[in-house]
Structure formats: C-alpha cells, structure tokens
Amino acid sequence: MPFPFPAGAVRLAAAGACALALTTLPGCSDGGGGGGDGATEPASRSPASAGTQVTIKDFTFQPASLTVSPGAKVTVVNKDSTTHTLTASKGGSFDTGDIAPGRSATFTAPSTAGDFPYTCTIHPFMKGTLTVE
Ligand SMILES: [Cu+2]
C-alpha cells in the first residue's frame, strides 16, 4: 500500500502549517529559514574571573576588578620598572608589601564576601577592587 500522496507534498503541507503558526510554535524552525538572527551565542565576557592574578603595568592594576573565592591566593605580578604594592584601602585585609620591578608577590583574599578596594601605597592614585564572593 503506497502513500496516498508523495512525501514531498506532506513536507510542504507541514511547512505551510508552520508558517501559519510561526509565532506560537517555536519548534517549527526547519533549518533553512534564513531568518538572519540565528547567531546569538552568549559570549563569555568575564575574563577577570579566569585567574587569580593581578598584573601591575603602566601604574595600573590589570584587571582593575578581580573576583575571587574567599581565602583565595592571589598572585600579583609587577611588570613595571618601579616598585608597587597591592594594599587593601581599609581594614588592612591584605597587603603584598613592596613588590620590586619584575617580581611577584602573593596575598590571601579575605574569607568574607564583599568588595575590597585596594591601592598602591606608593602611588595612591592606583586603584583596584577585589570582590570576594
Ligand atoms: Cu605603585
């Protein structure tokens, strides 16, 4: 017993139904739609959380905002030609002390969640924020 009508006709009929119900049936996208807005991939845009390292370069903390886990070890690399520190602005939560040019130091992030602004004690205009969460 053959099909009552060719498979192609069935497919066309189904596509027509989908076109009619396009706004209510999300499953109707049949591949070659060519709508134009198919590529909406969510871009991962939080490189700051990729590592627990702060680089000091050109008198700036890079990244200026770093998010870490409570008690995380954070490495600070000084790529400038002058000595810097990374020091909590209040409460003395953390302090690398002097980091000579080309050297690095490590400090331990606070064990409590919150935002912890820090600075360089030698160059107070240098600012950054450590977020613990
Ligand atoms: Cu400095």
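Colleague: Which protein atoms are the donors of the copper ion?

Modeller: Heads-up, this is a predicted model: local features need pLDDT of at least 70, side-chain atom pairs count only at pLDDT 80 or more, and totals for chains, interfaces and linings use all residues. Residues are numbered from 1 along each chain as its sequence is written, and side-chain values use heavy atoms, leaving out hydrogens and water. A donor is an N, O or S atom within 2.8 Å of the metal (3.2 Å for Na, K and Ca), and with water not among the atoms, sites may look incomplete. At 1.9 to 2.1 Å from the copper ion, the protein donors are H84 (ND1), C120 (SG) and H123 (ND1).

Colleague: What spacing do those donors follow along the chain?

Modeller: H84 sits in the loop between β4 (73-78) and β5 (87-88) and C120 in the loop between β7 and β8, so this pair ties together parts that are 36 residues apart in sequence. Along the chain, the copper donors read H-x35-C-x2-H.

Colleague: Is H84 buried or exposed?

Modeller: The cut-offs are under 20% relative accessible area for buried and over 50% for exposed, with partly exposed in between (1.4 Å probe, protein chains only). H84 has a relative accessible area of 0%.

Colleague: Which side chain makes a polar contact with the side chain of H84?

Modeller: A polar contact here is a pair of N or O atoms within 3.5 Å; within protein, one must be able to donate a hydrogen and the other to accept it, and residues adjacent in sequence count only if both atoms are side-chain atoms. At 2.9 Å, the partner of the H84 side chain is that of D80.

Colleague: How far apart are the C-alpha atoms of M126 and T60?

Modeller: M126 is in the loop between β7 (114-119) and β8 (127-132), and with 1% relative accessibility it counts as buried. Not counting residues up to four places away in sequence, it touches (heavy atoms within 4.5 Å) a set including I56, F59, T60, H84 and C120. M126 and T60 are 66 residues apart along the chain, yet their C-alpha atoms are separated by 5.9 Å.

Colleague: Which residues form the aromatic cluster?

Modeller: Phe, Tyr and Trp (six-membered) rings pair if their centres lie within 6.5 Å; planes under 30 degrees apart count as stacked, over 60 as edge-to-face and the rest as tilted. By this rule there are five aromatic pairs, including the stacked F94 and F107, 4.7 Å centre to centre with 15 degrees between the planes. F94 and F116 form an edge-to-face pair, at 6.4 Å and 70 degrees. One aromatic cluster is made up of F61, F94, F107, F116 and Y118.

Colleague: How many residues apart in sequence are the parts tied together by F94 and F116?

Modeller: F94 is buried at 3% relative accessible area, and F116 counts as buried at 14%. F94 lies in the loop between β5 and β6 and F116 in strand β7, so the separation of the parts this pair ties together, in residues, is 22.

Colleague: Zooming out, in what order do the elements run from the N terminus?

Modeller: Helices (H or I, at least four residues) and strands (E, at least two) are DSSP runs, numbered from the N terminus. The protein chain has one helix and eight strands, and buried residues make up 27% of its 133 residues. From the N terminus on, the order is α-β-β-β-β-β-β-β-β.
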